[in-house]
Amino acid sequence: MIIRRLFVILFALSLSVALHAQYAGAQLEINSRTGVYQVGDSIKVWATVFPGCAPELEFTVEKNMKSPVGKRLVYLPEGKHLIYADVCSEAAHYVYMLGIPGTKRAGRDASSVGAIVSPESFCSGYSAPKDLRKFWDRQIAKMRKMPLTVETAAAPQEMADQGGFTCLDIEIPMPEGNPVRAYLAYPTDASEKSLPIVIRAHAAGVKGEWCRCSIDKTIDDARRGGGAIALDINAHGMLNGQPQSYYDELDSGELYKYSTRDFTGHDDFYFRLMYLRIVRAIDYLVTLPQWDGERIAILGESQGGAQAAALAGIDNRITAASLRVPAFMDVAGGLDDRAGSWPQTYGRKAEEHIHVLPYYDAACLLTLTKARLFFEAGLVDYTCPPACVAAGYNNAASQDKTIVFFPYRPHTTGGMDKRCIQRWKEEIYAPREKWLNDYLK
């Protein structure tokens with residue numbers, strides 16, 4: 001029995017390594033460090049072929065993350081070769097891929113790099129509804145008819161050193177749906193009106209560690225700047241700190257495929273309460289005497305980026321937002337003849353749901369914001385395409401906004417070519433963290 005269990009563990013580990021392996025045969029690079037071009041610029045793509053690479057490779061050019069616009073077999077010896085050159089003729093997003101013939105996505109069988117031309121030209125598929133602000137004001141007013149009550153308990157001791165911090169597990173009832181459930185942390189000795197607020201929203205999912213609250217990360221956020229009131233909120237109102245079986249059961253039961261559920265209108269659209277729970281949390285946070293009365297920052301990746309962007313528009317108390325490969329931003333990109341953002345199920349029905357989706361699409365909600373914004377987009381991200389992120393950036397009413405692109409980033413950094421990780425850390429991660437920490441000082 002012990003030997004059998006050991007075999008299963010070793011097989012699972014080997015499978016995990018295989019799934020995350022990077023293509024070793026060749027590596028692509030382009031002549032722009034950022035991957036950003038303007039109409040009239042020249043794009044050049046080189047391939048470095050390493051020893052042992054298969055002699056026959058397939059080179060593909062894909063436009064706007066739809067069907068390939070070019071595909072050919074190439075036979076390249078070891079070394080570096082210029083394999084593509086063209087002049088940018090229009091605003092568009094391109095992915096270049098080189099690898100084993102028949103490969104549809106980069107990873108263990110192909111290398112890829114992306115380029116975006118004139119990103120300032122992209123427009124979102126949906127236009128913001130004229131009553132967008134009034135709609136959300138009504139939703140919030142309805143929610144606030146329920147008195148604000150908060151239950152708190154000491155947060156569990158995890159790996160982080162909680163010394164010097166007050167750490168709480170909080171629950172705030174909602175008039176409908178699950179309550180707000182989150183971890184809260186702040187320096188215990190903070191004086192009144194001395195701390196900004198920083199809110200962490202989570203990526204999609206139910207049972208993975210990445211979509212659940214962590215007191216460790218909450219304390220890390222409470223250390224930002226010169227100290228902060230940090231809130232780590234899960235998207236679904238799940239209980240925190242439960243056994244894995246609890247989250248597994250939610251994932252296969254109550255929250256099964258929550259992001260692609262059918263709906264008939266606003267009342268049964270899942271993301272409405274997801275957004276409102278954060279407004280409810282802010283209603284509580286601003287009552288804390290340690291809040292400086294001015295700064296509220298929100299950060300998130302993917303679905304968390306969608307929540308951060310949406311709240312920057314819905315709630316004008318948000319003063320800064322860090323949006324990493326944000327989802328639900330321009331889900332109707334297909335109306336502009338390009339791939340739309342996650343959840344793509346809704347994007348495929350963009351015209352059918354035009355009476356509901358624009359009220360939740362982050363690209364529309366950003367038309368309402370005055371907050372400082374920092375966007376990150378990956379130029380080989382098929383989940384949250386960079387053209388969609390660019391459209392949201394262009395829509396944002398903020399006068400203080402920054403967008404950065406990385407040519408080699410897919411949706412998750414875990415899927416990025418490991419040969420590019422250090423460069424991403426230096427050029428994207430470090431400036432983004434500095435931007436946020438400087439704001440919170």
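Guide: Helices are DSSP runs of H or I with at least four residues, strands are runs of E with at least two, and both are numbered from the N terminus. The model discussed here is predicted.

Visitor: Which element gives the most to the lining of the largest pocket?

Guide: Helix 10 does, with four residues. Helix 10 spans 421–440, and strand 12 (195–201), helix 3 (215–222) and strand 14 (291–301) likewise each supply at least two residues of the lining. Sorted by class, the lining comprises nine charged, eight polar and eight nonpolar residues.

Visitor: How many aromatic pairs does the structure hold?

Guide: There are 27 aromatic pairs. One of them joins phenylalanine 135 to tryptophan 136 in an edge-to-face arrangement, with 5.3 Å from centre to centre and 90 degrees between the planes. Planes over 60 degrees apart count as edge-to-face. Phenylalanine 135 and tryptophan 136 are both buried.

A tilted pair is formed by tyrosine 275 and tyrosine 360, at 6.3 Å centre to centre and 40 degrees between the planes. This pair links distant parts of the chain, since its members are 85 residues apart: tyrosine 275 belongs to helix 5 (residues 270–285), and tyrosine 360 to the loop between helix 7 (344–347) and helix 8 (362–365).

Visitor: Why does tyrosine 360 count as buried?

Guide: The cut-off for buried is under 20% relative accessible area. Tyrosine 360 counts as buried because its relative accessibility is 0%. Tyrosine 275 is also buried, with a relative accessible area of 0%.

Visitor: Where does the charged end of arginine 105 sit?

Guide: The charged end of arginine 105 sits over the ring of tyrosine 382, at 3.6 Å from the ring centre. In another case, lysine 80 lies over the face of tryptophan 46, 5.6 Å from the centre of the ring.

Visitor: Which peptide bond is cis, and which residues other than glycine have a positive phi?

Guide: Most residues other than glycine have a negative phi, and most peptide bonds are trans. Here, the bond from tryptophan 342 to proline 343 is cis, with omega near 0 degrees. Proline 343 is in the loop between strand 15 (320–324) and helix 7.

Valine 325 is in the loop between strand 15 and helix 7, and has a positive phi, near 35 degrees. Its relative accessible area is 0%, so valine 325 is buried. Serine 118 likewise has a positive phi, near 50 degrees. Serine 118 is placed in the loop between strand 8 (110–117) and helix 2 (132–143), and its relative accessibility of 4% makes it count as buried.

Visitor: Why is helix 9 largely enclosed by the rest of the structure?

Guide: Helix 9 covers residues 386–395, and eight of its ten residues are buried, which means that the rest of the structure largely encloses it. Among the buried residues are Pro386, Cys388, Val389, Gly392 and Tyr393.

Note on methods. Residues numbered from 1 in each chain as written. Predicted model: local features only at pLDDT ≥ 70, side-chain atom pairs only at ≥ 80, totals over all residues. Heavy atoms only, no water. Nonpolar A, V, L, I, M, F, W, Y, C, P; charged D, E, K, R; others polar. Phe/Tyr/Trp six-rings, centres within 6.5 Å; stacked < 30°, edge-to-face > 60°. Buried < 20%, exposed > 50% of the residue type's maximum accessible area, 1.4 Å probe, protein only. Lys NZ or Arg CZ within 6 Å of the ring centre and 35° of its normal.
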